[in-house]
Amino acid sequence: MLSYQTPVKKSARIFTDGVKAGIPIAIGYMPIALTFGLIARTTGLTFMDAVGMSVFVYAGASQFMALQMLAAETGAIEIIIATFIVNIRHFLMSASINERTVERSRWKKAAMAFGITDETFSVASLNRDKIEAAFMGGLILMSYGSWVIFSGLGYVVGASLPEVLQKSMSIALYAMFIGLVVPSLKKERKALALFILSAILCSVFSLFIPFGWAIVAATLISSVTIEWAYGRLMKKEGEAHV
Amino acid sequence: MFSSVIWVILGMGVVTYIPRMLPLVAIKADGVPPFLQGVLKNVPFAVLGALIFPAIFTIQSGSLLHMTWDDFFFGLIGGAMAFIASYLEWNIIFVVLSAILVLTVYSLIL
């Protein structure tokens, strides 16, 4: 009896784990989505357009950028190209998740791909050894739900949170990123090296190129360099022991 | 004024979804050479470094070139609280809430 009930129970439990892991993202998205809804309204978008953008695009930085560009009456093609450039960083995250997922169904993979953001990627990567579709499902339900609902609410209410809270809550996603990564940085030298190198590179690159590219370039260069350096180090240590 | 906004939105949706979807659907995980596998496993730690820095210091201004002292101290204090809390291995919810709380107090005092 136990053996035939276990699979269902197990995936339900993994889904619940995903929901729980999504709580800090839901909190962190709230002030940003409220602001998005508010600015969308003042920019002159309809309620349908504002919520529609959160439903179909679901990528914060590019949505704010699109509002700015719409307000400046930029052409559709320019807005779409700029969106592509800002969001291309998700390509790297998707490739990294692909390396770690145990999901084999292409349809499920295509579905969970829609929910890959900086935040869901970070939470999934640092919480799970093997990333299950059920976990991503719970995680995306929370984060996507928060993003869409608070976008709409920001539009309807036409106001964000009280100013002090709005400002202090803007730290939430960064605090979450720190909370996710610090335990690994304590344990693993390699993780620490990757983190520091990439942070420095991104800070320098951000002076010269848009942030989407700065993240891509910093991530790629540090991931390759550190992998190569560790390969050499391991080889040397191996030889020293012979 | 924005009758064509829905087309912009759908276009944005398509170009955002493609990079998210392609690697997951098109790459066979066991066809990736070992070195590249290692690189992809490094990505989360590198991404987090790049997502936190320099952005945590430029929440209001949006770029290092326009960063203010207010911006800098805001990120420093919130980041330090989150760092201490996570170094002590608090639950992530409390890491987030403690950073928000400290900055609320900081903003009220100033």
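Student: Which residues are buried in α12(A)?
Tutor: This is a predicted model, and in it the buried residues of α12(A) are A191(A), A193(A), L194(A), F195(A), L197(A), S198(A), A199(A), L201(A), C202(A) and F205(A).

Student: And how many residues does helix α12 of chain A have?
Tutor: There are 17, covering residues 189-205. From first C-alpha to last, α12 of chain A reaches 24 Å, close to the 24 Å expected at 1.5 Å a residue.

Student: Okay, switching to the two chains. How many residues of chain B are in contact with chain A?
Tutor: Chain B puts 67 residues in contact with 81 residues of chain A.

Student: Which elements give two or more residues to that side of chain B?
Tutor: Those are α1, α2 (34-52), α3 (69-87) and α4 (92-109) of chain B. The largest share, 19 residues, comes from α1(B).

Student: How do the residues on that side of chain B divide into nonpolar, polar and charged?
Tutor: You get 50 nonpolar, 14 polar and 3 charged.

Student: Back to α1 of chain B: at what angle do its axis and that of α4 of chain A cross?
Tutor: Roughly 150 degrees, with the axes of α4 (residues 60-71) of chain A and α1 (residues 5-26) of chain B coming within 12 Å. The crossing of α4(A) past α1(B) is right-handed.

Student: Which residues make the contact there?
Tutor: From α4(A), S62(A), A66(A) and L70(A); from α1(B), V5(B), V8(B), M12(B) and T16(B). That contact of α4(A) with α1(B) has 5 nonpolar residues, 2 polar and no charged.

Terms used
Residues numbered from 1 in each chain as written. Chains lettered and ligands numbered in written order. Predicted model: local features only at pLDDT ≥ 70, side-chain atom pairs only at ≥ 80, totals over all residues. Axes fitted to C-alpha atoms, helices over the stretch in contact; angles between N-to-C directions. Helix = DSSP H or I, 4+ residues; strand = E, 2+ residues; numbered from the N terminus. Left-handed = near helix turned anticlockwise from the far one by under 90°. Contact = placed C-beta atoms within 7 Å. Nonpolar A, V, L, I, M, F, W, Y, C, P; charged D, E, K, R; others polar. Expected span 1.5 Å × (residues − 1). Buried ≥ 20, exposed ≤ 12 C-beta atoms within 10 Å, placed from the backbone.
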